[in-house]
Amino acid sequence: MATATATVTVTVKDYKPEVPPDWCPGCGDFGVLNALYQACAELELQPHEIMVVSGIGCSSNLPGFFRSYGVHSLHGRALPVATGAKLANHSMTVIATGGDGDGYGIGLNHFIQAMRRNINVTYIVMNNEIYGLTTGQVSPTSEPGMKTKSTPHGNLEGMLNPLALALASGCGYVARGFSGQPKHLMKLYQDGIQYPGFALIDVFSPCVTFNKQNTYQWFRERVYKLEEADHDPNDFQAAMDRALEWGSKIPIGLFYRNPNPRPPLDALDPALQAGPLVSQGNGVTKEQRAQLIAEFM
Ligand SMILES: Cc1ncc(C[n+]2csc(CCOP(=O)(O)OP(=O)(O)O)c2C)c(N)n1
Ligand code: SF4
Ligand SMILES: [Mg+2]
């Protein structure tokens, strides 16, 4: 994680863009973004110390609404870009954002590989259980039976469980928030950003326009906080048990924080031990160039 510049204070205003977000009024993604402004300000991260990377979707428009370095990449490709950014400059705080379709559908393989590799990136998934941007098709986290534009007779497929998958894939920080509970969410962001390794924060972020089933009210009636439920986030098995809970009660909060985190990739890679690649100088020496030409000509 980047260290804050002690003499310069940073406030939420510093991250606000000139152009306000164009999400539908009431979209859960507003809460996700506001909590991120707050978390970064409280961690005293300067905008130039942060890189926000996304894929494609309503949720993936977030880097455009956050004043920092940013990339709005391709559908499902936030994590490969975030991986490259982190390896190029591991002094940056790299935050990947996107939707359930982006990360758990087309980008699923990248999600698993990033957790296996343990890239030191915080991944925030705005999980509205639908494809919002493309106007309401079924997603991997849509509930069975759900009627959408692409499933007019009800969804016949099972639901992907991102938290159980993350635990099984070696993710050391696994959390779930709700955009209707922004203070709680902000705390999860702060912990996730400070965790030394890949951190997943799945966020219930209602799509008020195309998902009429999983509404704010639907979540409010079901969610309960693990922090108030005698859950030990150091206990992997307990985390898995909670991750499998889905029904009249659904847990949010910190499921798992590995008490003995494995070193993230940037701490292990020999090429990065002399400092971030971006400050190690470019190119090869004259002698190395001559040697390469001799070898390949
Ligand atoms: C390779 C590719 N396939 C499909 C699309 C069309 N597409 C754009 S966004 C999207 C799904 C968005 O859903 P999600 O990631 O859940 O984001 P949301 O809009 O719900 O926030 C799809 C299928 C695309 N842009 N690129
Ligand atoms: S379509 Fe849904 S996800 Fe997209 S901005 Fe509107 S409410 Fe949010
Ligand atoms: Mg979605």
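Q: Which residues surround ligand 2?
A: The shell of ligand 2 is made of Trp 23, Cys 24, Cys 27, Cys 58, Asn 128, Cys 207, Val 208, Thr 209 and Phe 210. A residue is near a molecule if one of its heavy atoms lies within 4 Å of it. The model is predicted: local features need pLDDT of at least 70, side-chain atom pairs count only at pLDDT 80 or more, and totals for chains, interfaces and linings use all residues. Residues are numbered from 1 along each chain as its sequence is written, chains are lettered from A and ligands numbered from 1 in the order in which they are written, and side-chain values use heavy atoms, with hydrogens and water left out.

Q: How do the residues around ligand 2 divide into nonpolar, polar and charged?
A: They divide into 7 nonpolar, 2 polar and no charged. Ala, Val, Leu, Ile, Met, Phe, Trp, Tyr, Cys and Pro count as nonpolar, Asp, Glu, Lys and Arg as charged, and the others, Gly among them, as polar.

Q: What surrounds ligand 1?
A: Its shell holds 16 residues, and the closest are Cys 58, Ser 59, Gly 101, Asp 102 and Leu 133. That shell divides into 6 nonpolar, 8 polar and 2 charged.

Q: What makes the pair between Gly 101 and ligand 1 a polar contact?
A: A polar backbone atom of Gly 101 is 2.8 Å from an oxygen atom of ligand 1. A polar contact is a pair of N or O atoms within 3.5 Å, so the pair at 2.8 Å qualifies. A backbone N or O atom of Leu 133 also lies 2.8 Å from an oxygen atom of ligand 1.

Note on methods
A polar contact is a pair of N or O atoms within 3.5 Å; within protein, one must be able to donate a hydrogen and the other to accept it, and residues adjacent in sequence count only if both atoms are side-chain atoms.
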